[in-house]
Amino acid sequence: MEKMPHSIENRYLCQLREAIVSLLKDSLSTHQEKHLLTSAHALATNILRIKFSQSPSIKNHLGLNEHDLGYDCIAELFERDSKNQLIHFKTYFSNFDFNALLEKEILFHFRRLVSSAVNQNLMHVYRDFDPSLGKIIRNIKLSVTAHKAFLDIDRFDEACIAPIDITLNEHLQTIDQSALFDLLSSYVRGDEFVPELLSIYSRIIREQNDYSKIVPLLTVALVFRTLFIVKQRHAPITTEQSSNNFEVTEVIQKNILDVKTTILSHNHHGTTSSEIIEKYFQTIQNLFLSKINASDNSSDSLFKGLQQQIAHLDSIEYRKNHRTKIEYYYRLCREAIATELLERKNL
């Protein structure tokens, strides 16, 4: 939630304490319950907004809305028992000597309870709306339990994993999906089973020292899902594969157009002209279409592709003025395409 002015924050903390006190005394008023609901929903919505900012195409593909999903994620917290009491809040706060808690400690526990509810229910949402992702999540959990090569870690109320017998480097930043994909991509064929992918992941995450070794399980699952699609081994095209190319081409063109339209309509391109944005997306589309024709693309193929769109473009200008944006747009398109193709393939 955004930083409040000091006086408003103090009043908010006071109202939160009063509401919890009344709840524990079985005298919660309608006004106080509304305060709890409004506060929980605002926090849940903010958590979801941050999560979806890291995976925007997932949100678009699933048709999720932070505002509505926020209510779904906290609904269980407001379930009532046979005595018409908010049993989850009451059970949680009954674990503490409430009168000894400072108001900011009460806020910390309130946020922790809501955050936990969001993380747990978001897993259910992903499984319900995206069965292929749910299968990958389930297989990761089964492999972690069976092989004992990872630690299960609850970090900030989110399920995470880390390889055993290493320094976790918790002080470092958590790796995001794009960085993890880039680390793994050159080591993955795309036809591995989840246990084999976890072995590759374990080795790579151990060897890197730029990020914490603790990674959210959902991040790992989303990257695995993308790898299944975009890192397939190049093999001679069969008659069946050839017949599927038209469908894949349609998926590529449709999703790239959707991402481009979103970028242009919401003015996410900043000072970059619409003409240059068009060239970015034409380059991205050409790259994806070349992949389904099994052509070999080097790691700087976006640069080479953009050179065909922008006359006299050199590597210095590319790195200075274009690289960050075109790589970001490429990742958005890659994730959107992978999401739809994997759903159709129903791994």
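Predicted model: local features only at pLDDT ≥ 70, side-chain atom pairs only at ≥ 80, totals over all residues.

Student: How many helices and strands does the protein chain have?
Tutor: The chain has 347 residues, of which 46% count as buried. Its secondary structure consists of 14 helices and three strands.

Student: Which residues lie nearest the centre of the second largest pocket?
Tutor: This pocket has a volume of about 800 Å³, and 28 residues line it. The elements giving two or more residues to that lining are α2 (30–54), α6 (103–129), β1 (150–155), β2 (158–163) and α10 (217–230). Nearest the centre are Lys51, Asn119, Arg155, Phe156 and Glu158.

Student: How many residues of the lining of the second largest pocket are charged?
Tutor: The lining includes 13 nonpolar residues and seven polar ones. The charged residues number eight.

Student: Is Lys104 buried or exposed?
Tutor: Lys104 belongs to helix α6. Not counting residues up to four places away in sequence, Lys104 touches Glu9 and Leu13; the C-alpha atoms of Lys104 and Leu13 are 7.2 Å apart, although 91 residues separate them along the chain. Because its relative accessible area is 58% and the cut-off is over 50%, Lys104 counts as exposed.

Student: Is Leu77 buried or exposed?
Tutor: Leu77 lies in the loop between α4 and α5. The relative accessibility of Leu77 is 7%, under the 20% cut-off, so the residue is buried.

Student: Which value of phi does Asn84 have?
Tutor: Most residues other than glycine have a negative phi. Asn84 is found in the loop between α4 (66–74) and α5 (87–93), and at 48% relative accessibility it counts as partly exposed. Although Asn84 is not a glycine, its phi is positive, at about 65 degrees.

Student: Is Asn169 buried or exposed?
Tutor: Asn169 also has a positive phi, near 55 degrees, and is a residue other than glycine. Its place is the loop between β2 and α8. Since its relative accessible area of 16% is under 20%, Asn169 is buried.

Student: Which backbone nitrogen does a side-chain oxygen of Asp176 reach at the start of α8?
Tutor: Helix α8 covers residues 177–185, and its buried residues include Gln177, Ala179 and Leu180. At the start of this helix, a side-chain oxygen of Asp176 comes to within 3.3 Å of a backbone nitrogen, that of Ser178.

Student: Which side chain is joined to that of Tyr280 by a polar contact of 2.6 Å?
Tutor: Tyr280 is in helix α12 and is buried, with a relative accessible area of 0%. Not counting residues up to four places away in sequence, Tyr280 touches Thr272, Leu306, Asn321, His322, Lys325, Ile326 and Tyr329. The C-alpha atoms of Tyr280 and Lys325 are 8.6 Å apart, but the side chain in the 2.6 Å polar contact is that of His322.

Student: Is Thr283 buried or exposed?
Tutor: Thr283 is found in helix α12 (residues 274–292). Apart from neighbours within four places in sequence, Thr283 is in contact with Leu302, Gly305, Leu306, Gln309 and Ile326. Because its relative accessible area is 3%, under the cut-off of 20%, Thr283 is buried.

Student: What distance separates the C-alpha atoms of Asn139 and Ala221?
Tutor: Asn139 lies in helix α7 (residues 131–147) and is partly exposed, with a relative accessible area of 25%. Along the chain, Asn139 and Ala221 are 82 residues apart. Their C-alpha atoms are separated by 9.4 Å.

Key:
Residues numbered from 1 in each chain as written. Heavy atoms only, no water. 1 Å grid on protein atoms, 1.4 Å probe; cavity = no way out; pocket = protein on both sides within 12 Å on 5 of 7 lines; lining within 4 Å. Points joined across faces, edges and corners; volume = space filled by probe spheres on them. Helix = DSSP H or I, 4+ residues; strand = E, 2+ residues; numbered from the N terminus. Nonpolar A, V, L, I, M, F, W, Y, C, P; charged D, E, K, R; others polar. Buried < 20%, exposed > 50% of the residue type's maximum accessible area, 1.4 Å probe, protein only. Polar contact = N/O pair within 3.5 Å; in protein donor to acceptor, adjacent residues only side chain to side chain. Contact = heavy atoms within 4.5 Å.
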